[in-house]
2 protein chains.
Amino acid sequence: MSGWLVIAGLGPGDEDLVTPDVRHALGQATDVVGYIPYVARVPERAGLQRHPSDNRVEIDRSRHALEMAAAGRRVVVVSSGDPGVFAMAAAVFEAVEAGPAGWRNLDIRVAPGITAMLAAAARAGAPLGHDFCAINLSDNLKPWALIEKRLRLAAEADFAMAFYNPRSKSRPEGFVRTLEILNDACQDKRLVIFARAVSTPEEDIRVVPLPDARAEMADMRTMVIVGSSTTRLIDRDGPPIVYTPRSVGA
Amino acid sequence: MSGWLVIAGLGPGDEDLVTPDVRHALGQATDVVGYIPYVARVPERAGLQRHPSDNRVEIDRSRHALEMAAAGRRVVVVSSGDPGVFAMAAAVFEAVEAGPAGWRNLDIRVAPGITAMLAAAARAGAPLGHDFCAINLSDNLKPWALIEKRLRLAAEADFAMAFYNPRSKSRPEGFVRTLEILNDACQDKRLVIFARAVSTPEEDIRVVPLPDARAEMADMRTMVIVGSSTTRLIDRDGPPIVYTPRSVGA
């Protein structure tokens, strides 16, 4: 039997947000590869070997998965969210490009998932209902100057913005600086959504005007969405609705 | 029994990309509301009334759904893709804000789905694996000058770009102009992906360098993704892999 590799998105946490497409791939797999907490989401069963690995070893993990697929195994690499958005798909293709020529013709497929920004947006209302951008605020893999440039241009373009990896213990200063840049670049009071652990029992959604946003409101499990200048808030009993209208006046 | 409203995403077309969360909502609904081809994707069953409506009547459709939920019915508004991305969620919240005060406290929830750009990206590889933006190229609801401004700033920010609604019969010139602007604004040969009818039997994926991109390569069912300056192409037997590496050099 010939091997294959599926790079699959498990969504934000709720099992009801995992697509049947991903479930089928997991059901046929001989091996599951991924970061420890994501592999832990895949139930054990006979015939399935689980290969959990630590964070920040994405290329090693990708090579391991490719080697197994090349050896005829049916391998699923699991990501949270969608594998194509700041997750494992790019890492696997980096490994393919740098690896043996035979890897290019392996049966490799990406199975999409519900990415964090769309799960967070759904919980808040529809803040990404108009043009928007998605920026990874981690400067592990790119210079901080590029992040700053993109933030300023995104503000000038009046995009709503979704921030992945806003804050971690190893770089607490980046998100402080992000808020300073946005307060400087946005002439208006943008709305900021802090969406933590969306679709899990620890879910917490908080909406504040940009001048009141504080870096401490985000942690590693938080998705941050900043509205555009047209984003609106509907007050009601319970959490407000935040949405960006489809129209922009001339 | 008290009514509710779920704004649900049906994904790009393949039924295996519809989440169990959305299936559950449809299974409990008394009424399904939406654009004709999306309502047609929901199987008929006893106890379920289907309310298909024409395109471009999003606010009327939203009011109708809200009225039914307020009257105690269990209503699902269906969108293709994700309802929060250029789809029905923003329209429903516009109707809520403009409607009777009581609508604000209805039980309304957005059930996310696989949006077209992520389904298209998955088929091509991982072109959105680094920072990116999503722009609706339709100028039905915003001035063309704003689209042009966003295109130029997005190119300057070196975002990968995903274009929704690149082209329709009523405005054939917009996408021609988009390609002119990108050829002018991008110093480098960006890769362009034309992803038509992704996840359906008519799926067609085409990858060309920006100077070779032609407006005729897109139609109403096409998602267009333009890579950043770092996006790479891996040649192999069959369609190439297009991906954007996670790293950008200093």
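**Figure 1. Buried residues of helix H4 of chain B.** In this predicted model, the buried residues of H4(B) are Met88(B), Ala89(B), Ala90(B), Ala91(B), Val92(B), Phe93(B), Glu94(B), Ala95(B) and Val96(B). Buried means under 20% relative accessible area, with a 1.4 Å probe and protein chains only. Helix H4 of chain B spans residues 88-98, and nine of its eleven residues are buried. Helices (H or I, at least four residues) and strands (E, at least two) are DSSP runs, numbered from the N terminus.

**Figure 2. Crossing of helices H3 and H4 of chain A.** The axes of H3(A) (residues 58-70) and H4(A) (residues 88-98) come within 8 Å and cross at roughly 65°. H3(A) and H4(A) are therefore roughly perpendicular to each other (65 to 115 degrees). Residues in contact (heavy atoms within 4.5 Å) include Ile59(A) and Leu66(A) in H3(A), and Ala91(A) and Val92(A) in H4(A). By class, this contact has seven nonpolar, one polar and four charged residues.

**Figure 3. Strand E4 of chain A and its partners.** Five of the six residues of E4(A) (residues 74-79) are buried. Strand E1(A) (residues 4-9) pairs with E4(A) in the parallel sense over six bridges; two strands pair if DSSP finds at least two bridges between them. Ile7(A) stands opposite Val77(A) of E4(A). Strand E2(A) (residues 31-35) runs parallel to E4(A) and is joined to it by four bridges, with Val76(A) in E4(A) as the bridge partner of Val32(A).

**Conventions.** Residues are numbered from 1 along each chain as its sequence is written, and chains are lettered from A in the order in which they are written. Local features need pLDDT of at least 70, side-chain atom pairs count only at pLDDT 80 or more, and totals for chains, interfaces and linings use all residues, while side-chain values use heavy atoms, with hydrogens and water left out.

Methods: Axes are lines fitted to C-alpha atoms, for helices over the stretch in contact, and angles run from 0 to 180 degrees between N-to-C directions. Angles under 35 degrees count as roughly parallel, over 145 as roughly antiparallel, 65 to 115 as roughly perpendicular and the rest as oblique. Ala, Val, Leu, Ile, Met, Phe, Trp, Tyr, Cys and Pro count as nonpolar, Asp, Glu, Lys and Arg as charged, and the others, Gly among them, as polar. Buried means under 20% relative accessible area, exposed over 50%, partly exposed in between (1.4 Å probe, protein chains only).
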